[in-house]
Amino acid sequence: MEKTTLRGEDSTFYPGERILHWYTALLFIIMALTGLSLLLGRLALIPVFGHPAISGYLQAAKVLHNYCGPFLLAGILLEFLIWVPYNIPKKTDLEWFKNMGGMIGSGPRVPTGKINGGEKAWFWVAFLCGIAVGVTGITLDFPIWGQSRFIMQLAHVIHVTFAVLFSRGVLRHIYLGTIGAEGTFEGMWTGSVDAVWAQQHNDLWYEEKMREM
């Protein structure tokens, strides 16, 4: 099957973009697992595995969670700076949302560029959730800055709330990027996608690249 062998400036995603994506993804998984463990450890883990077995793990999870948090926030900020030019909303994105890119209703699929309306929406949701989680996490990481008890409590509530929403969104993102839309994963893993896939999902971008080749 024909492949869009796009390299250099025509690449689906630059090597640096892919490295940054997987760097952020790995840190997110670490933060999600350790955060969930800390949130539900007393309720779910200790009753099952016992306090002696879990206490050491939770201590390590807390240290890992606290130290990895700033690095995840840095990754999210870098992704924002790199990808925000591609995710500025346009009028065509409103058309995409009318039938969710052809996923609902009987209307035709709206022509889309490299990034469709749904992907742009996820970009902004992920950024806002990431900032909310990151800023409140930093606040909780450094109580020596003189935060009041109320500020710390408020930060904790915001941190947990947005972390749960962020995790739900990431699960959906993982599904759509793998089995939910076959062929999507290759774009972020190898930097190239199948030509037929590109024509079906990002037809305006496909036509632009074909004219340049």
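Colleague: How far apart are the end C-alpha atoms of helix H1?
Modeller: This is a predicted model. H1 covers residues 15–49, which is 35 residues. A straight helix at 1.5 Å a residue would reach 51 Å. H1 falls short of that, with its end C-alpha atoms only 42 Å apart.

Colleague: At which residue does H1 bend?
Modeller: The span of H1 is short of the straight-helix value. The helix also bends, by about 90°. The bend is at Gly-41.

Colleague: Which residue follows H1, and what is its phi?
Modeller: H1 ends at residue 49. Gly-50 follows H1. Its phi is positive, near 90°.

Colleague: Is His-21 buried or exposed?
Modeller: His-21 is found in helix H1. Leaving out residues up to four places away in sequence, His-21 touches Glu-79, Trp-83, His-173 and Met-188. The cut-off for buried is under 20% relative accessible area. At 16%, His-21 counts as buried.

Colleague: Where does H2 bend?
Modeller: H2 has 33 residues and reaches 45 Å from first C-alpha to last. That is close to the 48 Å expected at 1.5 Å a residue. Still, H2 bends by about 35°, and a proline, Pro-70, follows within four residues. The bend is at Cys-68.

Colleague: Which backbone oxygen does the side chain of His-65 reach?
Modeller: His-65 lies in helix H2 and is buried, at 13% relative accessible area. Beyond its neighbours within four places in sequence, His-65 is in contact with Met-31, Thr-34, Gly-35, Leu-38 and His-159. At 3.3 Å, the side chain reaches the backbone oxygen of Met-31.

Colleague: How many disulfides does the structure hold?
Modeller: A disulfide needs two cysteine sulfur atoms within 2.5 Å. The sulfur of Cys-68 has its closest cysteine sulfur in Cys-129, 20 Å away, so the two are too far apart for a bond. Cys-129 is in no disulfide either. The count is zero.

Colleague: Which residue forms a salt bridge with Lys-120?
Modeller: Side chains of opposite charge can pair when their charged atoms come close. A search of the whole structure finds one salt bridge. In the pair with Lys-120, the closest N and O atoms are 3.0 Å apart. The partner is Asp-93.

Colleague: How many residues apart in sequence are the parts that this pair ties together?
Modeller: Lys-120 is buried, and so is Asp-93. Lys-120 lies in helix H4 (residues 117–141) and Asp-93 in helix H3 (residues 91–98), so the pair ties together parts that are separate in sequence. The separation is 27 residues.

Colleague: Is Lys-209 buried or exposed?
Modeller: Lys-209 has its place in helix H8 (residues 203–212). Its C-alpha is separated by 50 Å from that of Met-152, 57 residues apart along the chain. The relative accessible area of Lys-209 is 10%, and the cut-off is under 20%. Lys-209 is therefore buried.

Key:
Residues are numbered from 1 along each chain as its sequence is written. This is a predicted model: local features need pLDDT of at least 70, side-chain atom pairs count only at pLDDT 80 or more; totals for chains, interfaces and linings use all residues. Side-chain values use heavy atoms; hydrogens and water are left out. Helices (H or I, at least four residues) and strands (E, at least two) are DSSP runs, numbered from the N terminus. Buried means under 20% relative accessible area, exposed over 50%, partly exposed in between (1.4 Å probe, protein chains only). A polar contact is a pair of N or O atoms within 3.5 Å; within protein, one must be able to donate a hydrogen and the other to accept it, and residues adjacent in sequence count only if both atoms are side-chain atoms. Contact means heavy atoms within 4.5 Å. The expected span of a helix is 1.5 Å times one less than its number of residues. The bend at a residue is the angle between axes fitted to the seven residues ending there and the seven starting there. A salt bridge is a side-chain nitrogen of Lys or Arg within 4 Å of a carboxyl oxygen of Asp or Glu.
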